[in-house]
Amino acid sequence: WDFQKVCFYAFFTFLAGIVAGLIGVGGGMVLGPLMLVMGINPRVSTATTATMIVLTSSSVAVLFVTAGLVPWQYAACFFFVCLVGAYVGKTKIDAYVKKTGRASI
């Protein structure tokens, strides 16, 4: 790492935040490829990107519910449906990956 690289990555991270705020894409969609360019392990990049997307989506959902724009009953229903779907999907994908011995599907 040198000062030029730090400035380069800081600029694109800042830009990703602006793009995410203006057009509604998650910052992870911009920062994921940037992390790969930085030489970060793809598994780490994917996990970090997924975490950023979860945090961004969750915070927006909470804002909509607390502002009264979405009835909390709908939000709770969708939360539990998504939770069960994510658990089942992750379990099935993990079993498939383990069975095939691959790193991903």
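Here is a short chat about reading charge pairs, cysteines and a helix in a predicted model.

Trainee: Let's start with charges. How many salt bridges does the count come to?

Mentor: The general idea is that side chains of opposite charge can pair when their charged atoms come close. In this predicted model, the count comes to one salt bridge. Its partners are Lys90 and Asp94, with 3.1 Å from N to O.

Trainee: Where do Lys90 and Asp94 sit relative to each other in helix 4?

Mentor: Think about helix geometry: an α-helix has 3.6 residues a turn, so residues three or four places apart point the same way. Here Lys90 and Asp94 are four residues apart in helix 4 (residues 72-100), so about one helical turn separates them.

Trainee: On to cysteines. How many disulfides does the structure hold?

Mentor: A disulfide is a covalent bond between the sulfur atoms of two cysteines. This structure holds zero of them. Take Cys82: the nearest cysteine sulfur belongs to Cys77 and is 9.2 Å away, while the cut-off for a disulfide is 2.5 Å. Cys82 is exposed, at 51% relative accessible area, and Cys7 is partly exposed, at 37%.

Trainee: Back to helix 4. What span should its 29 residues have?

Mentor: At 1.5 Å a residue, helix 4 should span 42 Å, and its end C-alpha atoms lie 41 Å apart, which agrees.

Trainee: Which residue follows helix 4?

Mentor: That's Gly101, and its phi is positive, near 75°.

Terms used: Residues numbered from 1 in each chain as written. Predicted model: local features only at pLDDT ≥ 70, side-chain atom pairs only at ≥ 80, totals over all residues. Heavy atoms only, no water. Salt bridge = Lys/Arg side-chain N within 4 Å of Asp/Glu carboxyl O. Helix = DSSP H or I, 4+ residues; strand = E, 2+ residues; numbered from the N terminus. Buried < 20%, exposed > 50% of the residue type's maximum accessible area, 1.4 Å probe, protein only. Expected span 1.5 Å × (residues − 1).
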